[in-house]
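Visitor: I'd like to learn how to read a protein model. Could you walk me through one?

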Amino acid sequence: MQQSNTYVIVYSAVLTIILGLLLSGSAQILGPRQQKAIALDKKKQILGAVISAEEIGAMTPDQVNEFYENNISSIVVDINGKEITDGGVTAEKVEIAKDYKKPADQRSYPVFIYHAEGNPSEVKSYILPLYGAGLWDAIWGYIALETDMNTVAGITLAHAGETPGLGARITEGEVQARYVGKKIFDESGELVAVEMMKGEGKDYSTDDHKVDGMSGATITGNGVNNMLKAYLSHYEAYIKGKSQTAVAGL
Amino acid sequence: MSAETLEKAIEKKPAEALLSKRRKRIVADPLVDENPITVQVLGICSALAVTTQMQPTLVMAISVTFVVALANVVISMMRNTIPSRVRIIVQLAVVATLVTLVSEVLKAFAYDMYKELSVFIGLIITNCIVMGRLEAFAMGNKPYDSMLDGLGSALGYSWIILTVAFFRELWGSGSVFGIPVFDYVSSLFGPDFSLATNGLMVTPVGAFIILGLIVWVQRTKTGYVEH
């Protein structure tokens, strides 16, 4: 009896339904908590561009939310640097990964403004999201620019599937620290971004636009370079607009 | 069946002790003599991939233990109903469900771990230890014994990957569970002294070397020879 086709078919169907119910049930129950965890993780990544991973690691989830609430304000701009205010778009809701599939001029570009505790007018730095392709899968991150809109205040990088010990090192604080203090515009005002070089162990401290590479992870490094260049150029209009007002303010 | 005959039946066959000698062996055998990694050479891929640090390795070990033990119990309970022609796919469906549950729970309660381990948690499905135990044991034994068998195999797997991770994190990153042991030891010997970490340990090659050494030590002690 157990070998009959009907038995096999019915057995498989019943099993599928039971397991399916189990899975969708658990997804329903855990869903809200997962959404919270994802939102918290995003805030941690944004903050990661301006404060160290150790400091964030020491905070409880509530502290992260509170710090974010008090120190980050955000706007959304378009490719021309104009603020988008209609349609209820908020920077936190923009999904960079989904937006990435659209042509560059149709995406929304969130800007996270890091300011003094509870005082949005005293800006410390501007945090911009990044998204691109590494060697195996997507890479993303956030770059923080100082108020001169030229100096890198910090960067945080993450990846979906780079090689552990090689490309995956972009998540390490030591690699990310190499970007701090670099400039994204050259003397003539041309956007050159910051380039990660091939090979590791050379000293680029005198060069404003180059950082030491990661040995064995040149393609991931190139991915980071392309991502930086692309996203900084998408934000160029906004950045230039800001730096002009900064100069006028002087 | 009347109460009398039922009593007799119980008298005739006294229940086996919860941890009888035979059952202890089911748990203990896979720890060393029948170890899934070092003797049966199963589950190598994850042993290489997740063992760069202790913490994710521990989460992986717990997840695998949960999946193997529970899958063994579930399949053992179903074993008399499973049509043999589709038994592999039935096992796979059960394992995949359990693994998805683990991954969903991690995503909700330990998101950082989920991010770090996501691919490898999914790959528990393909961990040969899981399917191996289902086919070799759970399909022909009672649920409780199957659970013990699953626990034994999972513990055998766990202690090996934790040992590998201990040495890889210590030598590769100079720390244990994220605590910077090398920095501390270096500071004891004055400011000019520093222990260097070995980048090779962070790559999968390092895992092969450590695993090889463990197998060597173990086989020297047990005298096991491959036939």
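Predicted model: local features only at pLDDT ≥ 70, side-chain atom pairs only at ≥ 80, totals over all residues.

Visitor: What is the mean pLDDT of chain B?

Guide: Chain B averages a pLDDT of 83, with 93% of its residues at 70 or more. Within chain B, helix H5 (residues 87-109) has the highest confidence, at a mean of 91, while helix H1 (residues 3-12) has the lowest, at 54. For the model, the scores are ipTM 0.72 and pTM 0.75.

Visitor: Okay, now helices. How do I describe two packed helices?

Guide: You give the angle between their axes and the distance between those axes. Here, take H4 (residues 54-78) and H8 (residues 143-173), both in chain B: their axes come within 8 Å and cross at roughly 165°. Angles over 145 degrees count as roughly antiparallel, so H4(B) is roughly antiparallel to H8(B). The crossing of H4(B) past H8(B) is right-handed.

Visitor: What kinds of residues make up the contact of H4(B) with H8(B)?

Guide: That contact has 19 nonpolar residues, eight polar ones and two charged ones.

Visitor: And the chains? How many residues of chain B are in contact with chain A?

Guide: On the chain B side there are 17, and they meet 20 residues of chain A. Next, see which elements contribute. H5 and H6 (111-122) of chain B are the ones giving two or more residues to that side, and H5(B) gives the most, with nine. Sorted by type, the chain B side has 10 nonpolar, four polar and three charged residues.

Technical notes:
Residues numbered from 1 in each chain as written. Chains lettered and ligands numbered in written order. Axes fitted to C-alpha atoms, helices over the stretch in contact; angles between N-to-C directions. Helix = DSSP H or I, 4+ residues; strand = E, 2+ residues; numbered from the N terminus. Parallel < 35°, antiparallel > 145°, perpendicular 65-115°, else oblique. Left-handed = near helix turned anticlockwise from the far one by under 90°. Nonpolar A, V, L, I, M, F, W, Y, C, P; charged D, E, K, R; others polar. pLDDT = per-residue confidence, 0-100. Contact = placed C-beta atoms within 7 Å.
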